[in-house]
Every structure is written in C-alpha cells, then in structure tokens.
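Dear colleague,

Please find below the structure that I am handing over to you.

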Amino acid sequence: YGWVMHDGENFGVQEIRDGRLLLRTEFVKQPGGDHGGDWSWRVTARMEGKGPAPLLSLFFYVATDRQGELRPVLHNGTRLAAVEGTSEELGNFTLTFLPPTGEGEEGPKYASLRETSLFSPPGRPRRHYLGVSSAGGLSREPPQGQLLLHQVTLEAPAVLEVVLESGSTAGTRRGRLAGRALGAALARHAAAFERRFEDTFGLGARGATPPQCRFAQAALSELLGGLGFFHGRSLLRSERRSEPLPGPKATLFTAVPSRSCFPRGFLWDEGFHLLLLGRWAPALARDVLAHWLDLMNTDGWIPREQILGDEARARVPPEFVLQHSETANPPTLLLALERLLPDAPLPYLRRLFPRLRAWFSWLNRTQAGPEPLTFRWRGRDTDAERFLNPKTLASGLDDYPRASHPSEQERHLDLRCWMALGARVLATLAERLGEPPEPYSTMALALSDNALLERHHWAPELSAFADFGNHSTAVALRWHRPAPVPGRALPAPQLRREVQEAPRPRFVGALGYVSLFPLLLQLLRADSPRLPALLGAMRGEAQLWTPFGLRSLARDSPWYLQRNTEHDPPYWRGSIWVNMNFLALRALHGYAQTAGPHRKQAAQLYRELHRNLVTNVFRQHEATGFLWEHYRDSDGTGQGCHPFAGWSALVVLAMAEDY
C-alpha cells in the first residue's frame with residue numbers, strides 16, 4: 001500500500017508506516033524456466049524515534065486457492081524452514097524462509113518461531129506475545145485448498161528474506177538470490193528504475209526537486225503495484241430475464257482505483273489508468289486493454305464494474321453488485337487507445353478492431369437520445385422521492401446534477417462528447433488498418449459540428465453548454481415523519497424530496513465538469529465564439545476556479561456541496577478530481593498551441609491550473625503520505641478513499657506535461 005518504486009514486472013520497494021514502525025518490503029523477480037522464474041523478498045523492520053522496541057510479529061501466508069498442494073519442511077522438527085509445493089501454474093516450487101538477521105552485515109537475529117507465545121532471547125527477560133496456534137486447523141468441508149500461516153516474532157531492527165525457487169529453473173540457476181546477492185540485485189533494479197523514470201518523464205530535466213521526483217515515482221509505482229489478475233463471474237441482470245444470472249467465467253488483468261477501497265476493475269477508471277501505464281509500459285497497457293475487451297458479451301456490452309466472484313462481492317454494497325445490461329460507462333479505453341495507436345503492432349490492432357466496433361455499435365444503439373446525434377445515459381435512479389437529484393452512475397459522475405425528473409427526452413452532453421471521441425478514434429484505427437473509415441468518420445464529422453452541438457446543448461440563459469431534460473429548478477430535501485401506527489413506536493423521520501415547481505423540458509442549469517466537455521475533449525474549434533465563456537467559467541472563483549484545481553460544480557450552483565439523500569454526502573458536487581483536471585490541462589495545452597483568438601487566454605489559464613493542481617496534490621502527499629480520491633475545494637485537503645493511486649496518479653503526466 002505504499003510502493004515507492006515498482007516497475008510493474010520485476011521489482012518493487014514498498015514502505016509501510018505504523019506509528020514508529022517502518023516496514024520496508026522489497027522484491028526482485030529473476031525470469032527463467034517455464035513457470036515465471038524465481039522471486040526473492042526482503043522485509044526490513046526498524047523503529048523510528050526514541051523509546052523501547054516493542055515485539056513485532058510478522059505473518060507470512062501461503063495459500064493454494066483450490067489448486068495444488070503445500071508440504072511444510074521443518075528444521076529440527078520445530079521451525080518452519082520452507083514450504084514445498086506444486087500447482088498447475090507454478091509447477092514444482094520451494095518457498096524458503098531464511099533465518100532473520102540484523103540490519104547491514106549483522107549476524108543472526110533472535111526470533112521466536114514456536115507456539116509458546118514467549119519471547120526468550122538469551123540473557124534477556126522473557127516477554128509474552130500473542131501467538132497463533134495450529135490446533136484445530138482449517139475446515140475442510142467443502143475443500144477450499146490449503147492455507148499455511150508462518151509467524152515470526154522479533155525485535156526491530158531486523159531483516160527477513162524469503163525466496164521462491166521454481167523447479168523449472170534448477171538447471172540454469174546461478175545461485176540463490178539472497179543476502180548480498182539480493183542486495184546487489186535490488187540496488188541494480190533501483191538504479192535502473194530511476195534512469196528509466198527520468199528517461200520516460202524527464203522531471204529532473206524540467207527542474208523538479210528530488211522530493212517532487214520521489215513523489216512522482218511513488219505515484220506511478222502505486223498504480224503499477226495495484227495491477228492484478230482477477231477471476232470469477234459477475235452477477236448480471238439482463239433486460240431479457242427477470243432474475244439475476246451469473247455471467248461467464250472471466251479473467252481480468254487490470255489496475256484498480258484503490259487497493260483498500262476499490263480492489264477491482266472499473267471500466268471508465270481504467271481508460272485513465274492506461275494513459276499513464278501506456279507511457280511507462282505500452283506492451284503492458286495493450287495487454288490490459290485486450291483483457292477488458294475480452295469481457296464483452298455477444299451484444300457488445302462490457303459491465304462497468306468487475307465484481308468477479310464471491311470474495312469480490314463481499315466487499316461491495318448489495319445495491320451495486322448487480323450489473324445491468326443496459327447500463328454503459330464512458331468509453332475512456334478509447335482515450336487510451338488513441339495514445340497507443342501510433343506504436344501498436346498491426347496484428348494486435350486487427351484483433352481489437354471487431355470488438356471495438358461491437359462496443360461502439362452497442363453504445364450508439366442502446367444509449368441513443370430522442371433526436372439523431374443525441375445521446376442519453378440509461379440506468380438513472382428511479383426513486384423520485386428519495387434523491388435530491390437522481391444519480392447517473394453510468395456517466396461515472398454519479399451524483400452530478402442532471403434533469404430533476406429522468407425521462408426519455410434527456411440529452412446528455414458528456415455522453416455526446418464521448419461518442420464523438422469514439423467515432424474519431426475508430427475512424428483513425430480503420431484507416432490505420434486499411435479498412436473503410438465510414439461510418440465512423442462521417443459520425444465524427446457530424447458530432448464535431450459546432451453548430452449542431454450548440455443547437456442541442458447551448459443554453460443561452462446560462463451562457464454555457466448543458467444537459468437538456470424534464471427539469472424543475474425548485475427541488476429540495478425536507479424531513480417528513482410518516483403517519484404513526486397505533487400500538488407501534490413512532491417511526492423515524494425521513495428525508496424526502498419536495499418539488500415546489502412542476503418540471504418542464506429545459507436546459508439543466510448545473511455549471512460544472514459536464515458543461516466543459518466540449519472543451520475537455522476538444523470538440524470546440526479554436527475560434528469558437530463559445531470558448532471564452534467556458535474559459536471564463538473555469539477561471540471564475542464563484543464558479544469553478546480554486547487555488548487547488550477546478551472544482552466539479554460551480555460554487556454558486558444550488559446543488560453545490562448538497563447531500564443527495566440523508567446518507568449520501570456530496571461527491572461530484574464541488575470536490576476537485578484529478579482525472580477531470582487532467583483533461584482540462586490536456587485541452588488547454590492543445591488550445592494554447594493552436595492558432596486562434598483565444599490562444600493567449602488558454603495558455604495563461606493552463607499555466608495557472610497546472611501550478612495549482614500539481615502543487616496541491618504534491619503538498620497533500622507530503623503531509624499525509626497518500627494520493628486521494630478527490631480534494632476539498634476550500635483548502636485542497638485530500639478526501640474520500642486513500643491510497644487512491646488510480647486516476648489521481650495522472651499527476652505524473654501533468655508534471656511531465658505529457659498529454
């Protein structure tokens with residue numbers, strides 16, 4: 001949870017702080033053989049500051065997860081020295097726990113490795129600790145595989161090393177990667193990581209300070225350290241079936257937004273993750289992208305949240321578990337693909353193209369709006385009395401204000417802009433493959449028509465682009481006490497929505513991220529007469545501007561920082577989100593480099609926003625040690641989940657000005 005270096009494949013360094021305790025975990029992978037090669041880990045424990053060193057218990061566990069077997073190897077019949085095992089994926093292997101040592105070149109370190117719960121170093125007082133007993137074992141009904149837990153109790157400072165050696169590398173292994181050999185390998189990998197990082201992002205050459213460079217390395221490493229394989233079935237609800245049904249078995253290789261809060265794949269998050277991953281390791285990014293497209297069903301739908309299997313479902317509130325087959329998510333994978341296209345191998349792109357066509361066709365068909373070339377997110381919340389403004393989870397912007405009364409007449413601005421991006425990318429991909437670019441180029445041209453965009457989404461009374469729908473401007477949450485029932489306790493009051501003005505078809509006056517989408521995805525021409533209004537809203541302190549980045553909803557909006565229900569605090573109603581600020585920087589950088597009457601204004605805004613965003617995210621990381629899900633607009637404080645090294649890690653690309 002605290003990677004400071006990680007190359008995504010062969011090497012990583014993690015620091016975990018718990019009060020005075022600093023745990024440093026490091027690993028190196030040595031490729032070879034037929035099953036992934038050998039791995040070595042080093043765990044260093046030390047206490048910071050003054051005071052006695054408490055006893056520290058480290059727990060190592062090995063699990064077969066229903067495949068293969070484990071065989072403990074004991075030293076003198078008591079101490080666990082190694083675990084021999086076999087599995088389908090790893091073949092034969094041996095996991096060796098080397099005796100603890102002191103730091104540096106110190107000799108062996110006393111450690112308690114038995115179930116006595118007594119720490120008895122020679123010539124020192126005995127101390128008790130909490131020990132895990134092997135009595136009773138694990139339930140074997142039904143068989144769930146084997147779990148082996150190894151407890152090592154010691155005093156810091158201390159170093160422990162663990163080595164996994166593959167049976168298929170025995171003939172080519174030059175020696176065990178432990179002790180001085182492991183130290184040398186870690187030093188080589190760390191130096192190579194730092195060189196590669198500077199070669200890729202050039203922060204040192206840009207004048208970044210050493211602390212800023214270390215911060216950026218940690219942000220990238222946290223994203224890479226969250227990459228993982230996930231296996232299982234989603235729980236789906238189809239419009240063709242009345243009952244939920246399990247999806248097909250799926251395997252997903254993906255990054256995650258947060259290993260503690262959201263340890264699973266999210267479709268629209270992943271497109272942002274791949275922008276950074278693709279810059280660091282394009283082949284790895286292409287692999288992740290292909291995995292996501294392999295989740296597609298025969299209709300072309302990809303579930304927006306990948307809750308694969310029972311273990312994943314146990315971490316998710318029940319109302320979010322079911323994935324609805326009419327619900328979309330922003331196609332940000334195409335944002336990443338646009339960056340990967342120039343260098344992607346043609347055979348890879350040919351395999352992707354049929355899936356991308358099916359996905360785009362599904363979006364175009366199922367999310368169509370009431371008029372040609374308009375679009376509407378499906379799946380908005382339907383309980384009109386519960387929400388101040390019914391959520392639109394499909395959009396990724398959850399509680400961002402939309403039309404107060406969901407209807408089939410809605411026109412959603414952000415979705416229209418995402419579809420324009422998708423059509424443009426697919427047209428470019430078709431041309432790269434020598435395929436006919438129509439109908440994608442035709443659609444891209446139509447959706448980029450600024451006059452048509454204004455006709456569907458420009459609200460003159462707001463001087464902004466906006467959604468359109470059945471909307472009331474007089475909606476509020478009020479406390480209501482249900483009628484008492486004789487003989488029963490008085491019911492608790494409930495916060496319910498009151499509509500004080502009948503809704504009617506109109507533009508939705510919610511100035512915020514959605515209003516900026518024609519700029520964010522650079523659909524507006526550089527000479528557009530609407531561009532100054534958007535640039536002004538971005539810079540207006542009563543609207544979107546803060547010293548820490550662009551807030552998600554204007555401060556003078558009636559929904560600003562308003563709860564959506566009694567239990568739903570504001571989410572996309574004022575906070576600063578790094579992914580949308582990155583899109584803003586990317587767009588402003590583009591407009592600043594394009595000839596037009598607003599070029600100078602865009603360049604000035606870019607410089608100020610770049611400084612504000614990067615400075616605040618860095619400052620919060622220095623103060624707390626974390627990247628955060630979003631940041632408070634009043635003082636820049638990190639909020640929500642942490643560590644959140646998903647799209648918040650885009651700060652690295654912002655620092656590099658790599659758009």
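**Cavities and their linings**

Strands β11 (147-155) and β12 (158-166) each contribute at least two residues to the lining of the second largest cavity. Of the elements involved, β12 gives the most, with 3 residues. Please bear in mind throughout that this is a predicted model.

The volume of this second largest cavity is about 60 Å³. Its lining consists of Phe 60, Arg 79, Phe 97, Leu 98, Pro 99, Pro 100, Leu 113, His 150, Val 152, Leu 160, Glu 161 and Val 162. By class, these divide into 9 nonpolar, 1 polar and 2 charged residues.

The largest cavity holds about 70 Å³ of space. Around the largest cavity are Tyr 1, Glu 222, Gly 226, Val 256, Pro 257, Ser 258, Arg 259, Pro 643, Ala 645 and Gly 646. Here the classes are 5 nonpolar, 3 polar and 2 charged residues. In total, the model has 3 cavities of 30 Å³ or more.

**Cysteines**

The count of disulfides is 0. As for individual cysteines, Cys 213 has a relative accessible area of 14% and is therefore buried, the limit being under 20%. Cys 261 has a relative accessibility of 27%, so this residue counts as partly exposed.

**The annotated domain**

UniProt, in an unreviewed entry, lists residues 179-657 as "domain: Glycosyl hydrolase family 63 C-terminal". In the model, this span is 42% helix and 10% strand.

Which helix contains Leu 335? The residue belongs to α7, which covers residues 333-340. Is Leu 335 buried or exposed? With a relative accessible area of 2%, Leu 335 is buried, because that value falls under 20%.

Leaving aside residues up to four places away in sequence, Leu 335 touches Phe 272, Leu 275, Leu 421, Leu 583 and Arg 586. A further pair concerns Leu 335 and Leu 521, which are 186 residues apart along the chain. The C-alpha atoms of Leu 335 and Leu 521 are separated by 9.5 Å.

With kind regards

Methods
Residues numbered from 1 in each chain as written. Predicted model: local features only at pLDDT ≥ 70, side-chain atom pairs only at ≥ 80, totals over all residues. Heavy atoms only, no water. 1 Å grid on protein atoms, 1.4 Å probe; cavity = no way out; pocket = protein on both sides within 12 Å on 5 of 7 lines; lining within 4 Å. Points joined across faces, edges and corners; volume = space filled by probe spheres on them. Nonpolar A, V, L, I, M, F, W, Y, C, P; charged D, E, K, R; others polar. Helix = DSSP H or I, 4+ residues; strand = E, 2+ residues; numbered from the N terminus. Disulfide = S-S within 2.5 Å. Buried < 20%, exposed > 50% of the residue type's maximum accessible area, 1.4 Å probe, protein only. UniProt positions renumbered as here; feature names shortened; annotations may be inferred. Contact = heavy atoms within 4.5 Å.
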